[in-house]
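Please read it with the sequence and the structure side by side.

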Amino acid sequence: MTISVRKAAAAAVTAVLGAALAGCGGGSASDAGREARMGTPAASASGSATASPQNGAPASPQAASPQAGAPAKAPTLAPGPNGLTPVFERAKQQTDKTVALTFDADMTSDQGPRAADGEHFDNPQLISTLRTLKVPSTVFMTGRWAEEYPDQAKSIGTDPNFEIANHSYSHHAFTSPCYGLPALDGAAARADVDRAFAAFRQAGAVNTVPYFRFPGGCYDDQALRALSTAKVTAVQWDVVSGDAFAKDPDAVAEQVLAGVKPGSVVVMHCTRSAAPVTEEAIRKIVPELRKRGYRFVKVSELIGK
C-alpha cells in the first residue's frame with residue numbers, strides 16, 4: 001500500500017470513527033487526541049518512501065533481539081532505505097489463509113490517578129477468552145500498562161499462546177501532529193521504547209518480541225530513524241476493528257470479517273474502559289473466520305513467512 005493510499009484510508013477511518021471516539025480520553029484532550037490514546041488507526045505521516053513487507057525481506061531469524069528476554073529467533077524485517085526502521089502491515093505471502101489478531105494494551109503515562117479511582121485499562125476476560133478459544137495473539141503493550149498490571153503482564157508474557165510487543169512506555173506521539181498527543185523528540189522516543197521493554201522485564205514477561213507499534217499509528221522518516229538503533233520492526237495493520245469505544249459487538253465483528261484477507265493484521269484493544277465490547281466481538285469473529293478456513297497466528301509468524 002502506498003503512502004498516499006494509507007493517508008486516504010486514515011482520513012476515511014478518522015471521519016467514520018470520530019463520533020464514536022468523542023467520549024474517550026482524559027480531561028481537555030481533543031477528540032482526536034482521545035482517539036490516539038487508544039492507538040486508533042492512523043496511517044504513516046511520512047511524505048517519503050519507507051520500508052514495507054513488500055520491499056523489506058525478513059532478516060536472519062538468528063538476528064539478536066533488542067532486549068534481553070526477547071526470543072532470539074523472532075524474525076524481523078531488514079532495515080529500509082538509509083537504514084530506517086522497517087514497517088510491516090500485512091504478510092508478503094498473501095495466499096495462505098492466516099490472520100494475526102493484535103491487541104493494544106493502552107495506558108498513558110498520566111492515567112495512574114484514573115486507574116486508582118477504579119477505571120479499568122485491562123481486560124482479563126478478553127485474555128481468558130483468547131486462551132479458551134486457543135487463539136495465538138500479539139499484545140502491543142505500553143510500559144505504563146505493564147507497571148499498572150504486572151501480574152497480568154507476566155501471565156500474558158509467560159504464556160506461549162501470546163507474545164508481547166512494544167507500544168511505547170508513555171503512549172506519547174513519535175511525530176507531530178498526531179491527534180493532539182504530546183510529542184517526543186528523537187532521543188526521548190528511543191528512550192521511551194527502552195523503558196517499555198524494561199517494564200516488561202520487571203514484570204517478569206519473557207515472551208517479548210522486537211516489534212513496535214507507534215502510538216496513534218503515527219510515524220514519519222524522522223521517527224523511523226530515531227528507532228533504527230533499537231533493531232525493531234514497526235508493525236501497523238491493514239484491518240481496523242473499530243472496537244475503540246464501540247457499544248455494538250456485532251458491528252465490530254462485521255467490520256473485521258469484512259476486512260480480513262489472507263495475511264491480514266487486525267488492530268483491536270485490550271482495555272475494558274475504552275473498548276468494552278471487544279471480548280464479545282472476538283467470540284463472534286473467531287468461529288466465523290475458522291469456518292472460512294482461516295488460521296490464527298502471531299505477528300511473528302506472519303513476518304517470518
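## An exposed proline in a loop

P160 has a relative accessible area of 64% and is therefore exposed, where exposed means over 50% relative accessible area, buried under 20% and partly exposed in between, with a 1.4 Å probe and protein chains only. P160 sits in the loop between helix 6 (150–157) and strand 4 (162–166); helices (H or I, at least four residues) and strands (E, at least two) are DSSP runs, numbered from the N terminus. Leaving aside residues up to four places away in sequence, P160 touches N207 and K298, contact being defined as heavy atoms within 4.5 Å. P160 and N207 are 47 residues apart along the chain, and their C-alpha atoms are separated by 7.2 Å.

The model is predicted, so that local features need pLDDT of at least 70 and side-chain atom pairs count only at pLDDT 80 or more, while totals for chains, interfaces and linings use all residues. Residues are numbered from 1 along each chain as its sequence is written, and side-chain values use heavy atoms, with hydrogens and water left out.

## The protein as a whole

The protein has 305 residues, of which 57% are buried, and it contains 11 helices and nine strands. Among contacts between residues at least 6 apart in sequence, 80% join residues at least 24 apart. The protein exposes about 11,600 Å², with carbon and sulfur atoms supplying 54% of that area; accessible areas come from the Shrake-Rupley method with a 1.4 Å probe, and for residues only the protein chains shown count as cover.

A196 belongs to helix 7 (residues 186–203) and, at 0% relative accessibility, counts as buried. A196 touches G143, N166, S168 and Y169, not counting residues up to four places away in sequence. In the case of G143, the separation from A196 is 53 residues in sequence but 4.0 Å in space, C-alpha to C-alpha.

## Two contacts of helix 10

Two packed helices are described by the angle between their axes and the distance between the axes. The axes of helix 4 (residues 124–132) and helix 10 (residues 278–291) come within 9 Å and cross at roughly 15 degrees; axes are lines fitted to C-alpha atoms, for helices over the stretch in contact, and angles run from 0 to 180 degrees between N-to-C directions. Helix 4 and helix 10 are therefore roughly parallel to each other, a term for angles under 35 degrees. The contact is made by Q125, L126, T129 and L130 of helix 4 and by T278, E279, I282 and R283 of helix 10.

The axes of helix 9 (residues 249–259) and helix 10 come within 8 Å and cross at roughly 35 degrees. On the side of helix 9 the contact is made by P249, D250, V252, A253, V256 and L257, and on the side of helix 10 by E280, A281, K284, I285, E288 and L289.

## Backbone features in loops

Most residues other than glycine have a negative phi, and most peptide bonds are trans. A cis peptide bond joins S176 and P177, with omega about 5 degrees, and P177 lies in the loop between strand 4 and helix 7.

Phi of N82 is positive, near 60 degrees; N82 is exposed, with a relative accessible area of 79%. F245, which is not a glycine, has a positive phi of about 65 degrees, and at 14% relative accessibility F245 counts as buried.

How values were computed
Angles under 35 degrees count as roughly parallel, over 145 as roughly antiparallel, 65 to 115 as roughly perpendicular and the rest as oblique.
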